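Try each task before you read its solution.

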Amino acid sequence: MTSNAELIERRNRTIGPYSPLFYNEPLQFVSAKGVWFTEASGDRYLDGYNNVPHVGHCNDRVVSALAEQAATLNVHTRYLNERVVDYSERLLTTFDQGLDRIFFGNSGSEANELAIRISRQLTGNTGMIVSDYSYHGTTITLAGLTTGLKTATPLDPNVRALRIPDLDRDPRPEAEVLAETLASLDASIASLQEAGYGVAACLFDPLFSTEGMPRLPEGLIEGIASRIKAAGGMVIADEVQSGFGRTGTHMWGHQYAGLDADLVTMGKPMGNGHPMSAVVTSEAVLDAFGSTNEFFNTFAGNPVSAAVGEAVLIEMEQEQLMARAKTLGEEAAARFRGFAEQYDFVRSAKGVGMFLGLDFAIDGEPAPQLAKQVVEAMKARKVLISRIGRDESVLKVRPPLAFGEAELPILLDALEESLSEV
């Protein structure tokens, strides 16, 4: 087995030294199953972080569906194929009335890019509103509106960034915070209009995951959507992190948040690691865009991807993973709230369902180093988590939904020990 040092050297000579690695001492995984990794050393690590293998690493149902369809037929959508239509119908049943048409893609970046393209064509505007600490993908357009990741690309002139408040950090009355945020949005809309860009769309993750899962003022989500629509824009919900039952109560984050979305984008968990994505919208939007664009993507919506995507949905249904996320999430959240009460450096517990966090602060100031120490202490106990937020001071616990009753105590006990240690 190649040593980590040798592999890092070879990695730097090929894909370069700038592609980030987790942890002070990177891990070299050689296999995975369910919610467990096996490292090159032979040690096993509990995955409390990755949402890509949504129904579990190397899930038997998904692997079998992929292999069987790949051994049978794989073509693009210029040919008829029932499996692609079967999957489309099954996926669309998980959405509310009015979101009943689908475009397929290969990545979340591609889905967000297409959603923006659609919004710009249908509104005649180019202006975009995002949060001031967010990430939605790697294309040229998305790099120009990225605010939560290091990039040499400056913010595009037709983009305005909105600060999303967190009531756990802002001591002011909720009504005052809400009014200030909506006033800031009004100013951003006016700025785009005065500059001649107009408003094409807003693009948000309904849980504001990258932002650190802030506790929002009541009415903020509805206020954002109504203002964007009143300005002639469209609402895009990025479900890459929030969707597929992650909240435990709703299949989609925009349903949980009460966000009235015109376009819903998804990626990563959709294929459990197989590269696929989608934009879900209404018949009217699809007709307006599709009738004037011969939109085609060779690999999007192929039968192998459809087989994989359908297997994910069937596995979720058979194993009742959304209900499990609710039950285990409530148990975990209770422990997280206990940690917030027990440790004075934990400002608040965050999250919903199986997406949880702890916000670290010392004397009221974010404590990213403390968060990093906890992440490393968890790794030493062979449990993997990460951190998020503009200050990187919020723990990020977002395991595959295959996480079960046997694994949750392992994670929670390791976290308690790690908090005590630091």
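**Exercise 1.** What does the accessible surface of the chain come to, and what percentage belongs to carbon and sulfur atoms?

*Solution.* This is a predicted model, where local features need pLDDT of at least 70, side-chain atom pairs count only at pLDDT 80 or more, and totals for chains, interfaces and linings use all residues. Residues are numbered from 1 along each chain as its sequence is written, and side-chain values use heavy atoms, leaving out hydrogens and water. The accessible surface is about 18400 Å². Carbon and sulfur atoms hold 50% of that surface. The areas come from the Shrake-Rupley method with a 1.4 Å probe.

**Exercise 2.** Find how many of the residues are buried.

*Solution.* Buried means under 20% relative accessible area. Of the 422 residues, 53% pass that test.

**Exercise 3.** Describe the fold and its overall dimensions.

*Solution.* Start with the elements: the chain has 13 helices and 16 strands. These are DSSP runs, with helices (H or I) of at least four residues and strands (E) of at least two. Next, take the radius of gyration, over C-alpha atoms; the globule rule is 2.2 Å times the number of residues to the power 0.38. The chain has a radius of 22 Å, close to the 22 Å from the rule for 422 residues, so it is as compact as a globular protein of that length. Last, the C-alpha trace spans about 60 × 60 × 45 Å along its principal axes.

Definitions and conventions:
Buried < 20%, exposed > 50% of the residue type's maximum accessible area, 1.4 Å probe, protein only.
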